[in-house]
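Subject: Structure for you to look at

Hello,

The structure is passed on to you below, and my notes on what was found in it follow. Please read them with the model open.

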Amino acid sequence: MKASSVKLEKKQGTFKVQKELGTLVALLVMCLILAIISPTFRTFDNIINVMLQSSINAILAFAVLLTIIIGGTDLSVGSVLAFSGICMALSIQRYSVPVIIAILLAIVIGSIMGFCSGLFVTKLKLAPFMATLGMMLIGRGLTMVVSEGKPVSGMPEMVRFLGKTRLFDKIPVPVVITFIMLIITWVILKYTRFGRTLYAIGGNEEASRLSGINVKKMKTLVFVWSGALAGLAGVILAGRLNSAQAVAGDGYELEAIAAAVIGGASLSGGEGTAFGALLGALVMGVLRNGLNLMSVSANWQKVVIGIVLVAAVALDNFRKK
């Protein structure tokens, strides 16, 4: 029994590496083609710019990755990002809350919204799609109510540091934070009991429940994690724009899900890695950057990204068969 389990684990590990390797090869091929087409693409400043533009999407991809691994999804991360950022900005400007407390408040608010999504799924028995769709609408509505639809500009220095500062005048702080979150997510999924349990739930929820796993608790914690990272992304985006905006994060949830899927996560659950999610975010960042350099309109960019997402899901289904 043990021998067969080890063989199965090795086969699954090999399959994950193959999916990540395929995404990495696709990314390198895209970079090579764009470097030939546009000399601007291969400049150091542009490469750093791609990484900076991909940082928010990567953090949100880490957020939704865990929900996808358990066989769900999270459509609320864009709205949670916006509401957390607005709450942080208003608490600083209207109520003179210390900046560090306001930043932590944004992350806590994101966690609470994620906790609510988890309760919708575990207590109300809603499908994750519908539960997080509801939270997406709630979050966007609350953001409009609290901010009255107006941006809150003039972020303090610490918030701008998280969003705009470059270490050694080269590496943007958001990129550093992204790699820190990559390592944390990787450790959670690979080396903790919690991470292994998530793969088990995604593989077979009923079997996990019968084996004594508290599935409801695990699912709730996953959505709390997703909300917390969305709150962190809201802080970074507000610092980068020097403004917290009610419309921030609109459509980001779809790009985050797309990044996770392109990176090898399966929408049926049980598969996905942190490194794959980062690669997926970089693929989308490089693609968007290349289209911008070729003066492709924003509307056509959405069409291309949509085609890439459909192709990634179709390839995942083909691999399973």
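The axes of helix 8 (residues 193-203) and helix 10 come within 11 Å and cross at roughly 110°, which makes helix 8 roughly perpendicular to helix 10. Axes here are lines fitted to C-alpha atoms, for helices over the stretch in contact, with angles from 0 to 180 degrees between N-to-C directions; 65 to 115 degrees counts as roughly perpendicular, under 35 as roughly parallel, over 145 as roughly antiparallel and the rest as oblique. Helices (H or I, at least four residues) and strands (E, at least two) are DSSP runs, numbered from the N terminus. Phe194, Thr197, Leu198 and Ile201 of helix 8 meet Val215, Met218, Leu221 and Val222 of helix 10, where contact means heavy atoms within 4.5 Å.

This is a predicted model, in which local features need pLDDT of at least 70 and side-chain atom pairs count only at pLDDT 80 or more, while totals for chains, interfaces and linings use all residues. Residues are numbered from 1 along each chain as its sequence is written, and side-chain values use heavy atoms, with hydrogens and water left out.

Just after helix 10, asparagine 242 has a positive phi of about 55°.

Glycine 202 lies in helix 8 and counts as buried, at 12% relative accessibility. Its C-alpha atom is separated by 4.0 Å from that of glycine 270, 68 residues apart along the chain. Glycine 272 sits in the loop between helix 11 (252-262) and helix 12 (274-293) and is buried as well, at 4% relative accessibility. Leaving aside neighbours within four places in sequence, glycine 272 is in contact with residues including Leu65, Ile69 and Tyr199.

Last, the side chains around tyrosine 191. Tyrosine 191 is exposed, with a relative accessible area of 51%, and tryptophan 186 is partly exposed at 39%. The charged end of lysine 190 sits over the ring of tyrosine 191, 5.9 Å from the ring centre (NZ of Lys or CZ of Arg within 6 Å of the centre and within 35 degrees of the ring normal).

Regards

Note on methods:
Buried means under 20% relative accessible area, exposed over 50%, partly exposed in between (1.4 Å probe, protein chains only).
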